[in-house]
Amino acid sequence: MTDLAPDVVGGRAGVPDDEATTASSDGSPSGRRGDRFSRWTEKRWFLPLAEGLVSVGVALGFMLLCTHISVNPTTRIGQVSGLAKIQQYAALLGIPVLAVLLLLAYRGTLRYYRVAQRLACAAVAGLGTGVVAGGIVVALHGTPWGLGGQEGDPGNLMGMANDMLRGKGLPGVYPPLFPALLAVWAKFFHNGIAGVGHALKDLQLILSALVGPMAYLSWRLLLRPFWAMAIAVPASIVFLDPIRPYSHGSMLVLLPLLAACFREIRRVDELSTRSALLRGLGFGAAFGVMFLWYSGWYLWAAPGSFVLVLMIFPWSRGRSALKRALVFLGAMLVTAGVIGAPLLYQLVRLGASTLDRYAYINTYIDPAYVMGWASDRSGDLTYHNWPGQGDIAGQTGFGVLLLLGVGIGVGLGLRNMVIRTAGMVLAGAWLMRFWFASHMEHNQAVQLYPRTTWIIFYCLIILAVMGVMLTYQRGFGWVRSTLAEVAPSRAARISPRVMSQLAAGLVCALALFATMGGSWSANRFMPSTNPGVEDMGLDALRAHLQQLDNGQCPKYSPYKGKQACNPINMDLTEYTFGPDPMKLWCANTTSRDVDVTCGRPPAN
């Protein structure tokens, strides 16, 4: 796939690119320096490793830098000051990087520009979620507790980790890898059970920062840097949930990993049997570990993936291709099954009896709406006023433009494996969404169907970006070839240098989007300053209402000096089963209208 960056960036007029690359700014030779640079960049592992280190380093480094911001996060003025300081840090770090990229696009040569673009794209991907994680650092300043304190899902995760620390098995069907990591982190860094809540804060911050790099590096398996960044940056910011960052991070990685897997099946006749076996083992290990990390997305991706495998399987390409495809799939499925066996066993044993009866605002809205998400901390939103209605059959301008990009992507690139994967996963999740929603009243079970909103929206973003990429590839190719025939002098104006300058400008625009979007995301999780309303800031506020180890309130708690904060509960346990109510449990509604929303009890 062609990058937005050019294949050739001219140096000095009349000088070959290699020669221009190894010349210093004053024209003196610097071949030794250029040869050394070339030797390193030509190593297959060097630049991918550099991208990974830069992306991860920027994400974690920026999050750690924000620990030096000292404001009162429980007041709105303090929150605004903290968010402004984050943007100041982002500008001071980002502007020099982008300035170097622009300088090389205008004055540099192919070799240096390509390297700079790869590293800049990796840095922008890390910066986006680094800003979000930095915002959570500000939101939790003054308290050792993570988002949620000891209540809700965070409390359940602490209970699972505590059970593991006590030597108990993990009950139920929850993926065990993150609770196990939480238990290990608490044991080594926070004195075991007593510090599991503090360990959760660490992991919320670290994993939130790493979502962007994980998404970017996963898409780099398939796409060049700019396009990988164009998908990873908006998707990671939109879908990042700092309370449970591991769940959405796994979704962002799963789609490119599936596309890469399907690409191997399609080109399996180019591989040796040994290579097919080793690749199958590698993909199987990745899928198995991800299944234990968070398994929910496998359900929604499974129908479309199964159909796509049948479509691309080399049925008619000879016995050799069939054999290698079977070796690849067999090795992958067996390896993934062995690694994921503990959770698979629990799903087979308890899955049929584990019903999700939790209804909330996303359960009440029009099920065809997939362009946005409201947390069950919905604040003033109700299904009467959210989502807002657009001008065209209820669709907003953004929605129409996104669907236009989807149509272009499908129309121009149906043979592209990324488009096939996103399209088939979208179709399968779409059908399952309406299957579960249509049976909701009869079965009195939600079965997590609103979560398909995320994976469907993600697939739409992928298809739209691919549509833009294919439009660029075909559009500029057509313009160049046409002008070359009728007006060669004008065709020369669309030079590789001009394309490199365009690419650099768009990287700058995406960097600005990353910082603005990251600030928007972080702002939603600032401690709530709206008393009595359960908005998305409630979880950060709870962290400031949880007692410290000495029994006192955290530094900036609004209860400090007024009343006691919530006591520490060391006896958290997970999955305390009670009798099944056999009906929906309806949140985000009041006692006055719960009957109208979820159904009236039957008459005696």
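Reader: Is the crossing of α6 and α7 left-handed or right-handed?

Author: Keep in mind that this is a predicted model. Helix α6 covers residues 152–165 and helix α7 covers residues 177–189, and their axes sit 8 Å apart. As for the sense of their crossing, it is right-handed.

Reader: How do α6 and α7 lie to each other, roughly parallel or roughly perpendicular?

Author: The two helices pack at an angle of about 65°. Angles of 65 to 115 degrees count as roughly perpendicular. Therefore α6 against α7 comes out as roughly perpendicular.

Reader: How many charged residues does the contact of α6 with α7 have?

Author: On the α6 side you'll find residues including L157, M158 and A161, while α7 brings F178, P179 and K187, among others. Sorted by class, the contact has 11 nonpolar residues and no polar ones, and the charged count is 1.

Reader: Is A359 buried or exposed?

Author: A359 sits in strand β1 and touches Y364, V446, W585, C586 and A587, not counting residues up to four places away in sequence. The cut-off for buried is under 20% relative accessible area. A359 has 0% relative accessibility, so it counts as buried.

Key. Residues numbered from 1 in each chain as written. Predicted model: local features only at pLDDT ≥ 70, side-chain atom pairs only at ≥ 80, totals over all residues. Heavy atoms only, no water. Axes fitted to C-alpha atoms, helices over the stretch in contact; angles between N-to-C directions. Helix = DSSP H or I, 4+ residues; strand = E, 2+ residues; numbered from the N terminus. Parallel < 35°, antiparallel > 145°, perpendicular 65-115°, else oblique. Left-handed = near helix turned anticlockwise from the far one by under 90°. Contact = heavy atoms within 4.5 Å. Nonpolar A, V, L, I, M, F, W, Y, C, P; charged D, E, K, R; others polar. Buried < 20%, exposed > 50% of the residue type's maximum accessible area, 1.4 Å probe, protein only.
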